[in-house]
Amino acid sequence: PDGGVPQPVGTAPPRDGRPPEVAPLFEQPGVLTPRGRTVLEPSLQYGYSSSNRVALVGYTIIPALLIGLIDVREVKRNTTTAALTLRRGLTNRLEVEARVPYVYRSDQTVSRELFTGTATERAFETSGRHIGDVELAARYQLNIPGPEGPFYVAGLRIKSRTGRDPFEVTTDCQTRCVGENVTGTGLPLELPTGSGFYSIQPNVTALFAADPAVFFGSVSYLHNITRHNVRRLILNGERETLGDVKPGDVLGFNFGIGLALNDKTTFSIGYDHNSVAHTEQNGQTVPGSVRTQLGTLLIGYSYRLSDKKTLNVSVGAGLTRDTPDVTLTVRVPFSF
């Protein structure tokens, strides 16, 4: 009656060539920004982690008897990151992004040396607040699939070192932090807000719609660029030469599923995993540095407040020992 072309029975309606929308869990969004459209996304992320470490300094006569010191150390970390992200669609298949974070960190460390004639615990608390590492990114939709095919999106992210450098904050050591004449905790008196290294991260994301669900996943590789002639700041303004330092590269993947609950709300659950290689100093593996596995279970939802504004909330729970215990992220993207 409306004069439109009838849709054949058993044929799926044509898609507009854009990836399906899901509640975002990871850094890269599930939908590319249309040509000429701009998205401004303020976000707030809070992370908490705690760890216990027992260090044995001495030697054993028999497996049950230790001659030396036992150092018990408990560390609690709180990190809050407020960020402003700007995305712009250059074409219907290409978007660019800039992200500027501001980081506030606080660490509380409680340590106790047993068998030293004292039962006193030593508390060490420090914090830091400053701009974080600014990031630039670009994403390109590789294909326009048929009714049953997946979408593929390739991305490239570049991270700067605009945050406060971990080698520029004062470390609680006198003369040096390694080797002989070591005095102090070896902990920073003010926490850094950046990694201190430039890095580049290519990634590929796949999205597959099976109404009412959307399956998604991605693979990425983060390469940290070696920094030469690094010198660490210690007490009394002195510098300890570290030489060439290269943090381990990171191989990551994630996957999940998103469900549309109604025309305004979507729910997502996913898993994110990163494998961090060991750190190298002057071409050699740093003693005690090993490959680290970081696994996080993520749950999120998205609610469309209006045609141009959406509320996204996600919660992450650490599944491995080195992963933050909990991460809470709130994003409110505005499009115009």
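Q: Which element gives the most to the nonpolar patch?
A: In this predicted model, strand β17 gives the most, with 5 residues. The patch lies on the surface and is formed by L259, L261, F267, I269, L297, I299, Y301, Y303, L305 and L319, which together have about 840 Å² of accessible area. Two elements give two or more residues to this patch, namely β14 (265-276) and β17 (292-306).

Q: What separates V326 from L297?
A: Along the chain, V326 and L297 are 29 residues apart, while their C-alpha atoms are separated by 9.6 Å. L297 is one of the residues of the nonpolar patch.

Q: How do the strands of a sheet pair?
A: Strands of a sheet pair through backbone hydrogen bonds, in a parallel or an antiparallel arrangement. Here, strand β6 (residues 151-159) and strand β9 (residues 199-210) pair in the antiparallel sense over 9 bridges. Within this pairing, G155 has N203 in β9 as its bridge partner.

Q: What joins β9 to β10?
A: A hairpin joins the two strands through 2 residues.

Q: Which strands stand at the edges of the open sheet of 4 strands?
A: The order of this sheet is β11-β12-β15-β16, with antiparallel pairing. Its edges are β11 (227-233) and β16 (284-285); each has a single partner strand, so one side of each is left without a neighbour in the sheet. The partner of β11 is strand β12 (residues 239-246), and the two pair in the antiparallel sense over 5 bridges. In β12, R239 is the bridge partner of L233.

Q: How many helices and strands are there in the protein chain?
A: The protein chain has 0 helices and 20 strands. Of its 336 residues, 38% count as buried. The chain exposes about 18900 Å², of which carbon and sulfur atoms supply 59%. Among contacts with a separation of 6 or more, residues 24 or more positions apart account for 63%.

Q: What is the mean pLDDT of the protein chain?
A: The mean pLDDT is 83, and 77% of the residues reach 70 or more. Over residues 5-15 the pLDDT is below 50, and this stretch has 10 contacts in the model beyond near neighbours in sequence. Over residues 55-70 the pLDDT is also below 50; there, the model has 28 contacts beyond near neighbours in sequence.

Conventions
Residues are numbered from 1 along each chain as its sequence is written. This is a predicted model: local features need pLDDT of at least 70, side-chain atom pairs count only at pLDDT 80 or more; totals for chains, interfaces and linings use all residues. Side-chain values use heavy atoms; hydrogens and water are left out. Patches are made of residues with over 30% relative accessible area and no salt bridge: like charges are joined within 9 Å, nonpolar side chains (Val, Leu, Ile, Met, Phe, Trp, Tyr) within 5 Å. Accessible areas come from the Shrake-Rupley method with a 1.4 Å probe; for residues, only the protein chains shown count as cover. A salt bridge is a side-chain nitrogen of Lys or Arg within 4 Å of a carboxyl oxygen of Asp or Glu. pLDDT is the predictor's confidence in each residue, from 0 to 100. Contact means heavy atoms within 4.5 Å. Two strands pair if DSSP finds at least two bridges between them. Buried means under 20% relative accessible area, exposed over 50%, partly exposed in between (1.4 Å probe, protein chains only).
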